[in-house]
Structures are given as C-alpha cells and as structure tokens.
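Work through the exercises below with the sequence and the model side by side. Try each task before reading its solution.

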Amino acid sequence: MAGFRLIDVVKPFLPLLPEVEIPYEKVPFDDKIVYTIIAALIYIFGQVPLAGVSKDESTVKDPIYFLRGVFAAEPKTLMEFGIFPLICSGLIMQLSAALRLIKVNFKLQHDRELFQSLTKMFALLQYFVLTNIFIVSGYYGENLTIVQIGLLNVQLVGAGLVAILLSEIIDKGFGFASGNMTIETVVIATNLVSDTLGIAQIKVDEEGNTEARGSLINLFQGLRSSNKTFLGGIISSFNRDYLPNLNTTFVVLAIGAAICYLQCLRVELPIRSTKARGLNNVYPIRLLHTGALPVVFGYVLLTIIHLIAFVLIQCIARNDPSSIICKIFGHYESVNNLLYAPTFPLSLLTPPRSFANGLLSQPLTFVVFSAFMLFNAIWFASKWQAISGSSARDLAVQFKEQGITLVGHREQSVARELGKVVPVASTTGAAILTVASVGGEFLGLKGKAAAMVIGVTSAFSLLEIISVDYQQSGGQSALAQVLGAPGRF
Amino acid sequence: MAKPVEKSENNQIDKLAEAPLEFVKEGSQFLNKCKKPDTKEYVKIVRAVGIGFVSVGVIGYAIKLIHIPIRYLIV
C-alpha cells in the first residue's frame with residue numbers, strides 16, 4: 001500500500017513491546033473468574049506509595065483530584081495516573097480509526113496487531129509524558145535529584161506497563177469483557193467500601209485527633225469519642241468535608257440505585273423466526289445502548305484539558321497570578337493544603353467542591369460544565385453507536401445469521417428499522433447518564449458520582465457477560481458449587 | 001396547494017435552534033416506549049449488582065488494608 005500509515009510507526013518497536021499471547025484453547029469458566037479477580041487485585045495492590053518523593057511538603061497540590069475516581073488513580077502511589085492513559089489511548093485510537101483519521105484495514109490480521117501495538121505504545125508514551133509533567137511541575141517536590149527523577153520515571157512508567165499488561169490479560173480472553181472496565185469496576189467498588197467502612201485512622205487536626213476514613217465507621221466512633229459531644233459527633237459525621245461523610249455516601253448509593261433502574265429500561269422489538277412459524281419473541285434495545293462510555297469519553301476530554309492547563313499554569317507560568325498565562329487561564333489555589341482548585345476561567349470546567357460553595361463562588365460552572373459534558377457525551381454516543389460492534393447494521397447482520405427478523409418487516413428493511421431505534425437509544429441514554437453524573441458532581445462529590453455511574457454500569461454488563469458465560473459452560477463450575485450458587489445468577 | 005417558500009438562511013437557523021428540541025422530543029418519546037421494570041425485577045437486579053459490588057469491594061479493601069503497615073514501614 002502506498003503512502004504513509006501511522007500504524008507502521010510501531011513496526012520497529014514490535015519485538016520490544018511485551019505482549020500477552022492469546023490462549024490456545026478456550027479458558028474454562030473458573031479460570032476466567034480467577035484471572036479476572038487476580039488481575040484486578042494485582043492492580044489494587046499496585047497502589048503502593050512512590051519511592052523517591054521529596055520528604056518536604058510540596059506547594060504543588062493535586063490538580064486533577066476530581067478526575068481520579070473515574071480513572072482508578074490514587075495520588076502519590078504507583079497508580080498515580082490510574083488507567084487514564086489506557087482508556088484515553090483506546091478511545092482516541094478507535095475513534096480515529098473509525099473516522100478514518102488513521103488508516104487501518106481491520107480485515108487483515110497483521111494490521112489489527114499493528115493497531116493494537118500502536119494503542120499500547122501510545123498509552124505507554126502518555127504514562128511517560130504525564131510522569132515528567134508532574135515531575136517538572138514540582139508535584140513530587142522541588143529540586144529533585146537526577147536519581148529521584150530516574151526512580152520516579154522507572155516506577156510510574158513501569159507501573160503503567162504492568163497496568164497495560166493486566167488489562168490485556170483480561171482483554172485477550174483470559175477474563176471477562178474488557179480489562180479497563182473490570183479494573184475500573186473493582187477499584188470503584190473498593191473505594192466505595194473504603195469510603196463507607198474504611199477503618200484506617202487519619203489525623204484530622206493539629207492535636208493529633210484521628211477520624212476513620214469510612215463514613216459509617218466514623219459515625220460509630222463519633223458517638224463514643226471523648227473530644228466530641230454526642231450530637232456533635234453525629235452532625236460532623238454527616239457534614240465533615242475533609243473525608244467522606246454520610247451525606248456523600250447516601251448520594252452515591254442513590255445514584256447507584258438510579259443507574260440500576262436505568263439499566264432495566266429497554267424497548268422490546270417483537271421478532272420472529274424466518275425458519276419456523278410461530279416462534280415469536282422480543283429483542284430488547286437498551287436505553288443505555290453504549291453503556292457508560294460517553295461519560296468516560298467526556299471525562300477523558302476533561303482530563304486532557306486540565307492536564308494541558310496544568311502544564312501551562314504550573315510548569316510554564318509557575319502558578320504566578322501576575323503572569324500573562326495565569327491571567328488568561330486562571331491559576332490554582334490550594335485548598336485545605338490537599339487540593340489545587342483552579343480559579344476562573346478554568347474553574348468553569350471544574351465541578352464545585354460543595355453545592356453551596358459552587359452556588360456562591362462559581363455559579364457559571366453549573367451551566368458550562370453540564371453543557372460541555374452533555375455535548376461531548378451525545379456527540380460521542382452518536383458516533384460510537386455507529387462504529388462499535390452493535391450498530392443497527394451489525395445487529396441486522398446478526399439477525400440474518402440467526403434467522404430472525406422484526407415482526408411486520410421484510411429482512412431487507414431490518415437495518416433501517418433498527419436504525420430508527422438504536423441511535424436515539426444511545427444518545428438519550430448518554431444524555432441521561434451524563435445528567436446523573438453531572439448532577440451528583442454538583443453536590444460536591446469530587447468525582448465519586450461519575451465513578452459510581454461508570455462503576456455500576458460496568459458492573460452490570462460484567463455481571464451479564466459472566467452469567468451468559470456461566471450458562472454456556474453448562475453450569476459446570478467448581479467455584480459455583482463451593483459457593484453454593486444456584487444454576488443461574 | 002402551494003407551500004410558502006422560505007428563505008434558506010432562515011431555515012438553517014431554525015434547524016439549529018430546533019435540534020435540541022427535536023432531541024428532547026425524540027428522547028422522551030423513546031422513554032415513553034420503554035418497558036419499565038416492575039418492583040420484583042428491579043429488586044432482583046439491585047440485589048445482584050449490590051452483592052457483586054460489595055463483595056468485590058470488600059476483597060479489594062482487604063488488599064488495601066495490607067497497604068497500611070507497608071506505608072508505615074516505607075514512609
């Protein structure tokens with residue numbers, strides 16, 4: 001093929017990039033469960049503190065605190081950037097391949113392999129770039145020695161490579177569904193448990209008083225605590241703002257329940273068999289046809305914008321309010337010595353830290369932030385439903401293979417009929433999910449609302465895939481017998 | 001009956017303004033057509049997702065607990 005193709009760039013790196021082999025034979029159900037869980041647990045275990053970070057308190061705080069929940073990132077650990085590079089490179093690559101910005105012939109195996117390696121390379125490159133952005137910004141402390149810089153690079157890029165491989169293990173058929181989705185679900189579930197039932201004691205004031213991380217545990221501790229009154233303990237457990245409180249827990253749980261309801265919404269199209277008479281059934285088209293991906297995409301864009309702003313403001317202008325860059329883009333203000341809250345105009349794309357605070361100090365954010373997220377989600381959903389494997393045309397092909405058709409339509413017009421339903425379902429679902437997550441964010445959940453939306457949606461589809469796989473394997477699972485699970489989920 | 005001919009410019013602006021309205025209309029039509037789950041089905045699903053979520057979370061948190069002594073050792 002003549003002409004330059006981006007995917008050929010990776011050719012020289014192919015022997016260097018480690019790759020997971022596709023399993024020789026079908027992996028049994030039990031093994032898949034074990035692979036999936038262990039891969040996700042290794043990821044969680046990777047949240048070990050970084051070595052080589054300067055001991056002195058740095059003035060540069062966390063600029064992307066409200067995005068961490070979505071990408072399973074933990075500040076100042078090996079998983080500093082979580083799986084953001086993976087998701088970002090996966091989405092951007094697939095989108096640009098589908099929009100023909102990069103030329104890939106997915107019918108050729110060689111091209112598919114190259115494309116996969118390119119995605120991996122791009123993710124690895126992002127880990128490297130992000131690491132060095134954060135080093136240069138002074139996030140890990142000013143005046144780092146060469147050794148420290150090298151150490152940080154090795155740790156963060158190495159951890160990134162491990163994360164990529166972990167996700168690939170699941171992707172390549174050793175686990176269920178997509179690796180990113182699994183890792184994200186497990187980490188979000190873990191965070192939810194640790195925010196509610198976490199027993200780790202964290203120092204909250206100068207006198208050395210400690211409070212539990214978990215909101216529920218904190219309530220019980222507050223009732224018996226010696227330095228608080230009975231009523232004060234209860235009130236503070238509901239509205240402390242430095243650690244998870246019961247209010248946020250309830251909001252998060254409510255969002256989870258709402259997403260479960262949305263998952264059940266579907267339009268049932270009547271179908272019939274083309275081969276046998278009288279075999280009528282329904283085919284469900286879900287409201288959440290594209291799942292949580294539109295919300296994820298919105299957050300990917302948001303993160304990219306915030307990272308670029310971070311580079312401009314912190315690395316170039318050194319967060320000096322008098323410099324010209326800061327006058328244009330705003331600067332950072334450190335909050336509680338923990339977070340970096342941007343000022344106007346960057347604050348327009350930053351969810352408020354609490355509802356009241358947002359209403360008083362950044363009222364425009366409510367409009368701009370939701371418009372930004374909604375527009376992205378709807379645009380992405382309308383594009384994605386056409387290019388993913390479940391577009392109207394793909395479904396019509398599936399229908400034909402399985403010998404079914406819509407009642408009252410000829411086989412030829414199935415694609416057109418589905419084409420009326422699928423795009424509407426995807427965009428409407430995307431808009432509703434975005435409203436749910438943005439609404440939660442405005443209550444001051446600092447990324448937990450969006451994380452919960454994504455977590456529950458992924459958990460739901462994961463559960464679905466697992467139960468289908470379980471039924472296909474004929475229920476012959478030693479694990480299920482040990483756990484005493486019935487024949488179906 | 002002859003249709004009144006509109007100016008094409010006006011038409012386009014109208015279209016742009018109508019796009020969100022159209023979107024909301026189509027969306028709400030779709031929602032009305034949707035089959036809503038009954039209480040029994042909903043409870044079943046919430047329970048399945050809830051059990052899965054919490055059990056995975058507890059396992060994950062158990063791993064995270066190991067970090068606390070490690071942090072003490074390193075930092």
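Predicted model: local features only at pLDDT ≥ 70, side-chain atom pairs only at ≥ 80, totals over all residues.

Residues are numbered from 1 along each chain as its sequence is written, chains are lettered from A and ligands numbered from 1 in the order in which they are written, and side-chain values use heavy atoms, with hydrogens and water left out.

**Exercise 1.** Determine in which sense strands β3 and β4 of chain A pair, and over how many bridges.

Solution. Begin with the terms: strands (E, at least two residues) and helices (H or I, at least four) are DSSP runs numbered from the N terminus, and two strands pair if DSSP finds at least two bridges between them. Strand β3(A), residues 266-273, and strand β4(A), residues 280-286, pair in the antiparallel sense over seven bridges. Within this pairing, Arg266(A) has Arg286(A) as its bridge partner in β4(A). The two strands form a hairpin with six residues between them, and Gly278(A) in the turn has a positive phi of about 75°.

**Exercise 2.** Find which residues make the nonpolar surface patch of about 440 Å².

Solution. A patch takes residues with over 30% relative accessible area and no salt bridge, joining nonpolar side chains (Val, Leu, Ile, Met, Phe, Trp, Tyr) within 5 Å and like charges within 9 Å; a salt bridge is a side-chain nitrogen of Lys or Arg within 4 Å of a carboxyl oxygen of Asp or Glu. Accessible areas come from the Shrake-Rupley method with a 1.4 Å probe, and for residues only the protein chains shown count as cover. The patch is made by Leu197(A), Leu216(A), Phe220(A), Leu223(A) and Phe230(A). Helix α6(A), residues 215-224, gives the most to it, with three residues, while Phe230(A) lies in helix α7(A), residues 230-239.

**Exercise 3.** Decide whether Ser323(A) is buried or exposed.

Solution. Buried means under 20% relative accessible area, exposed over 50%, and partly exposed in between (1.4 Å probe, protein chains only). Ser323(A) sits in the loop between α9 (293-316) and α10 (324-329) of chain A. Ser323(A) counts as buried because its relative accessibility is 19%. From Ser323(A) to Ile313(A) there are 10 residues in sequence and 9.2 Å in space, C-alpha to C-alpha.
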